[in-house]
Each structure stands twice: as structure tokens, then as C-alpha cells.
Amino acid sequence: GRFYRMVYRESAARLDGLADAFARSLAGRDPTERARRVLAWVQGFTFERDIAGLDFVPPLSAAFEGRGDCDARAMVMAIILERMGIDCVLMLSREYSHAMLGVAVPGGGVRFPWGGREYLVAETTAGVGLGMIDASQADFSKWLGVELGEPPPEPQLRHRP
């Protein structure tokens, strides 16, 4: 998880212009529709792994060259959505050798429970809708959630005087 948090911190500001462009083009749309549109965009990337290096295409290269594997695409999507104020969690599975994104938006579909919240799953490498996951990868005990950006604020308890 530390590797992905470090990459997020180093890459997020470099994608501000792209995130702003998405925010402008999706202005007025609800958070679920914003997530659907960004998901469709990253699903259109060319699948590519950097096996000669870290086995990870950096988010900047992935976003502007339209290429990357599951974790690169999920990172790009997380950066864009988090910059638009939509909470996300990176989903990693060693058992499935896969990464996806969990998105905190309303809507139907499969939800990944993590950190007291439930995130709608976003499969970035297959052309499936938000909230859909292959049944062969749906055992959430085999997934780890990694919070990349600032964690959502804790609910404040109100005390009566």
C-alpha cells in the first residue's frame, strides 16, 4: 500500500489539469455519472505492462498515452475522481493478481466494504459497467483496500449541553 500512496502523492498534482478538464466537461452531472464517464475513459486504454521496470506504468504516462494495466488505470481514475471530491479506495488482490477501484457513489451493483464504508466496484480493464465484478474475483476476503488521498472526515459526534 505504501508504494501506491507514494505514487499517488507524486502524481496527483501532475494530473490537476486533466482532472479540471473532466470536472468542467462533467459539470452538473451527479457523482455516479462522473464515475461512469471516467471509468469508460480508462477502460479504453491499451492494456500494457512495464515488465522491464516496476511492472507499473506511471499515472502521468498512463493518462496521457492511454495505456496501462489494472493498477495504473485504477490510479488514474482515483486521482481524477478524488480531485472532483469523490472518495475512492484502491482495491488490490495478490491472489487474483489484479487491481480495481472502489468508488463512494450512489448506485446499484457490487460494493466493496472497506474502512466502515461501502464502495461501488470499478473494473478498469474490462468493458463492464460500474458496480460489476467477475464472479471468479468476487471474494472480498482476498482484496485489500488502500486509501490514496486524504481520508474522508470522521463523523462528528454532537454532545447535547
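Predicted model: local features only at pLDDT ≥ 70, side-chain atom pairs only at ≥ 80, totals over all residues.
**Helices H1 and H5**

Two packed helices are described by the angle between their axes and the distance between the axes. Helix H1 covers residues 2-11 and helix H5 covers residues 70-83; their axes come within 11 Å and cross at roughly 50°. The crossing of the two helices is right-handed.

On the H1 side, the contact is made by Tyr4, Val7, Tyr8 and Ser11, and these residues meet Asp71, Met75, Ala78, Ile79 and Glu82 of H5. By residue class, the contact of H1 with H5 comprises six nonpolar residues, one polar residue and two charged residues.

**Aromatic pairs**

The structure holds six aromatic pairs. Two of them are set out below.

| Pair | Centre to centre | Angle between planes | Arrangement |
|---|---|---|---|
| Trp41 and Phe45 | 4.9 Å | 85° | edge-to-face |
| Phe112 and Phe140 | 5.3 Å | 65° | edge-to-face |

The pair of Trp41 and Phe45 is edge-to-face because its planes stand at 85°, and angles over 60 degrees are assigned to that class. Trp41 is partly exposed, with a relative accessible area of 28%, whereas Phe45 is buried, with a relative accessible area of 7%. Trp41 and Phe45 also belong to one aromatic cluster together with Phe22.

The pair of Phe112 and Phe140 links distant parts of the chain, its members being 28 residues apart. Phe112 lies in strand E5 (residues 111-114), while Phe140 lies in the loop between strand E6 (117-122) and strand E7 (144-146). Phe112 has a relative accessibility of 1% and therefore counts as buried, the limit for that class being under 20%.

**Val146 in strand E7**

Strand E7 contains Val146. This residue is buried, with a relative accessible area of 2%. When neighbours within four places in sequence are left aside, Val146 is in contact with Gly1, Arg5, Val89, Leu90 and Leu92. A further spatial relation concerns Leu101: the C-alpha atoms of Val146 and Leu101 are separated by 9.5 Å, although the two residues are 45 residues apart along the chain.

Notes. Residues numbered from 1 in each chain as written. Heavy atoms only, no water. Axes fitted to C-alpha atoms, helices over the stretch in contact; angles between N-to-C directions. Helix = DSSP H or I, 4+ residues; strand = E, 2+ residues; numbered from the N terminus. Left-handed = near helix turned anticlockwise from the far one by under 90°. Contact = heavy atoms within 4.5 Å. Nonpolar A, V, L, I, M, F, W, Y, C, P; charged D, E, K, R; others polar. Phe/Tyr/Trp six-rings, centres within 6.5 Å; stacked < 30°, edge-to-face > 60°. Buried < 20%, exposed > 50% of the residue type's maximum accessible area, 1.4 Å probe, protein only.
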